[in-house]
Amino acid sequence: MLRIEHLRKDYGGQRVLDDATLAIKPGERAALVAPNGAGKSTLLKIITGLEEADAGRVLVPSGLIVGYLAQDAGVAAGRTLHDEVLSAVSDLLALEDSMRTLEERISASQGDVDTLVHEHSNLQEEFERRGGYAIEAEVGRVLNGLGFSEEDRKRQTQEFSGGWQMRIALARLLLGRPDVLLLDEPTNHLDLAATEWLEDYVKASRQTLLIVSHDRYFLDAVVQRVFELRQGGIETFPPGNYSAYRAERARRDEAQQDIAQRQQEEIERVEAYIRRYKEGNRATMAKSREKMLARLEAQRVTAPRADRVVKFTFPACPPSGREVVTLGRVRRAYGERIVLDEVNLVLERGERVALIGPNGAGKSTLLRLLAGKDRPTRGSAAFGIGVRPAYFAQDQAEHLDPANTVFDEVYQAAPASWDIQAVRDLLGRFLFSGDDQFKSVATLSGGERSRVALAKLLLRPNNLLLLDEPTNHLDIATRERLEDTLSAYTGTLIVATHDRYLVNQLATKVIEVADGGIRVYPGTYADYQRAKASAAAPPEASPPPRARIPSPAETDPAARRRLAADLREAERAVTQAEERLRTVEAALSDPASYDGDLGALAVEHSRLLAEVQHLTARWAELAEAVEGAA
């Protein structure tokens, strides 16, 4: 389906790709993993033809359509949301326009009507085969799944924020149904509900996928194979998800380390022999050992090189009082828009809280209220005794001064007691060493900016840590280090995040923010999921009724008679629609025998196809309900 062979790519004297090779099977869902800056996005751009490799080739079968979602994917301005995503199937819309034109010509008897009807029939067959009659329903399904409301569809694309424009780009790509999907950080701007919907969509798809993502939970849920970009080359792993890859990666590294260690021991033994006997009556044997040593050196296996990782711990801070922060009947409104209302909350020392909920529901607003960065419109918000808060905003990395160097940005924020060496040591722990410390903030990548912002959190001791999407732009290794550090943090922790892996690792309480209020769930994220599933499930004795259909659990004779009557009526409706469809199709296949309006007949045929599909689904639901009530 898709192969790349021996790709090489250099950037500014640095080799990003070096003999990179991989092959993805048709329908396979694969992940490409590596630290930030390793060349993952470059590889995707080479596959799509947006960049050229210095050597090697990309093999894509002729006619195969490749769709690409870039991290900075944009949308066209001047269109409604509906029209923008529908532009993904412009060829299908053109097909529909051609059908309408033919219907008008048939109705006006413009040209050879028999030929026009035959042409219309062919177009209609193609339109139906490609799902044209269901495209509006598919648009609704995708937009709803990605969190757009019915009202959003009429809004202009430029009215949406950058994160929502990324969702529009994703919706447009999915509706285009390319044979191969290349997705670069597809969950970056999605909330939990949209991410879970995308997981289900991807798993149900038959498309071939190559996904770049730092969302480990997402990768575990959807991928069937992992490719690792390491030191310019690509290493292929056996079928399995991200967790399976991690286990195999550790096994390979351990085996390689063991081989390298044994080789080194053998080399040292041979070297010692040569040194001892190169003079005297064993000199000939020592000479032969030199040849053995040369072979050992040529076959030497290099021990796996450990990736550089962020290393940090939070400075010690005296504990706060038992009650850390209290909200009493809090309302926060912006003009007439009420974001939070009647919120009551008491958080105690040592709690580890995850704030979750849809984008725009008020998580960041609640976090700012808890951090003292915002004040309630009504009600009270107060810290407890001895609380020393530290707050990390969702866009904290964007608040850095682009005119500063990395060193100046941190040094200017440091307490007077910090000297130059202390700041340089701190930056070194965040992977800024040597000249990197004097790079301009304006030239940093998103991940580098996030590391600078995190470093500034360590400048002063705190016992209340409030983090808004702290893993944004961080690669997996840095996320794991952050999780380890937060796990060891002894203060009170409040995190607003869509990173389910992070929530799983840290949370002992989950607060769901939705519909202007909050709901508190004691326990872990798994406990929260069980509570939500239990609340959503109907009573065991009452399975959920289908729309407009009496519950199968209704066992009284009157209910069963109503179900049976509804089923007979549905059977009658399906039969009538199918009979009319056969009549229309017979007329269209022999237009000479039909003396009516053939254009109107073609339109009716399109309507009947959709009607039969709808009525048959209705009949199936009723038949299942009748069986359940029997």
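**Close-up views of rings and charges**

**View 1. An aromatic pair, Phe237 with Tyr245.** The count of aromatic pairs in this predicted model comes to 12, where rings of Phe, Tyr and Trp (its six-membered ring) pair if their centres lie within 6.5 Å. Phe237 and Tyr245 make an edge-to-face pair, 4.9 Å from centre to centre with 85° between the planes. Planes over 60 degrees apart count as edge-to-face, those under 30 degrees as stacked and the rest as tilted. Is Phe237 buried or exposed? Phe237 is buried, with a relative accessible area of 1%, and Tyr245 is buried too, at 7%. Here buried means under 20% relative accessible area, exposed over 50%, and partly exposed in between (1.4 Å probe, protein chains only).

**View 2. A cluster of rings.** Follow the ring pairs here: they link Phe312, Phe314, Phe430 and Tyr489 into a cluster.

**View 3. Charges over rings.** The charged end of Arg155 sits over the ring of Phe160, at 4.1 Å from its centre. Lys9 lies over the face of Tyr11, 5.2 Å from the ring centre. To count, NZ of Lys or CZ of Arg must be within 6 Å of the ring centre and within 35 degrees of the ring normal.

**Notes for all views.** Residues are numbered from 1 along each chain as its sequence is written, and side-chain values use heavy atoms, leaving out hydrogens and water. As this is a predicted model, local features need pLDDT of at least 70 and side-chain atom pairs count only at pLDDT 80 or more, while totals for chains, interfaces and linings use all residues.
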